[in-house]
Amino acid sequence: MNLVEKTLKKSTVYEGDFLIYEKIQVELPDGNTANRDVIRHPGAVAVIAITEDNKVLFVEQYRKALDKITLEIPAGKIDKGESPEKSVVRELEEETGFKSDNIKFLGKIVTAPGFCDEYIHIYLAKDLKTGIKEGDEDEFINVKKFSMEEIKKMILNGEIYDSKTLSALLYVLI
C-alpha cells in the first residue's frame, strides 16, 4: 500500500522566533481527508563531548515546557544559513566553554515525527581545549561532567530522560 499523504491545503497558523506552526489538510491513501498540525523547525545539533579524563560534559538547565531542570548533552538549534558542522562547533563552546578540532559526525535523529520536522545532528567531540563560555543571553547553564558508569546509573534512575541525550548516548554506549 502507498502510505504517502498528499498535501491538499496548507496554512501558517503561527510564526514564532524560529518555529512555524502549520495546519495541513491531506488526502489519505484511502482517498479520505484529514488535518495535520505540523511544527517546522530549523534543525539542531547535539554533541557528546568527552574530556581528557574520559568524562562526558552535560548541561544542566531549566526547561519551561517541562517546568523542570534537566540534564542534557550540549545542543542547540542551527542558525539560519549555518551548516550543522559550524553549528556544533559554536554550540559546544557557547554552552560548555570548550572547543575541539576533533569533532566527528555520528548520525541524526528525528525527535517527534508525528508533528515536527526537526532533525538533530549528533556529533562526538574529543581532545577538548578551553574556549569561552558565552551562552545566549536568555540561557542559564551549569556544566557537569559524568563518567559512563555514572551516566548509565542516572539513566536507569530516571535522572537523564532527554530523548536527544539518550539517543546520542546509544552511539557511544553500544
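Colleague: What makes the charged end of Lys 108 count as sitting over the ring of Tyr 119?

Modeller: The charged end of Lys 108 is 4.8 Å from the centre of the Tyr 119 ring. A charge sits over a ring if NZ of Lys or CZ of Arg is within 6 Å of the ring centre and within 35 degrees of the ring normal. Lys 77 likewise has its charged end over a ring, that of Phe 18, at 5.2 Å from the centre. This is a predicted model, where local features need pLDDT of at least 70 and side-chain atom pairs pLDDT 80 or more, while totals for chains, interfaces and linings use all residues. Residues are numbered from 1 along each chain as its sequence is written, and side-chain values use heavy atoms, without hydrogens and water.

Colleague: How many aromatic pairs does a search of the whole structure find?

Modeller: Two. In one of them, Phe 58 and Phe 146 are 5.5 Å apart centre to centre, with 75 degrees between the planes.

Colleague: Why is the pair of Phe 58 and Phe 146 called edge-to-face?

Modeller: Rings of Phe, Tyr and Trp (its six-membered ring) pair if their centres lie within 6.5 Å; planes under 30 degrees apart are stacked, over 60 edge-to-face, the rest tilted. At 5.5 Å and 75 degrees, Phe 58 and Phe 146 are therefore an edge-to-face pair.

Colleague: Why is Phe 58 called buried?

Modeller: Its relative accessible area is 0%, and buried means under 20%, exposed over 50%, partly exposed in between (1.4 Å probe, protein chains only). Phe 146, at 14%, is buried too.

Colleague: What does Phe 105 count as?

Modeller: Partly exposed, at 44% relative accessibility.
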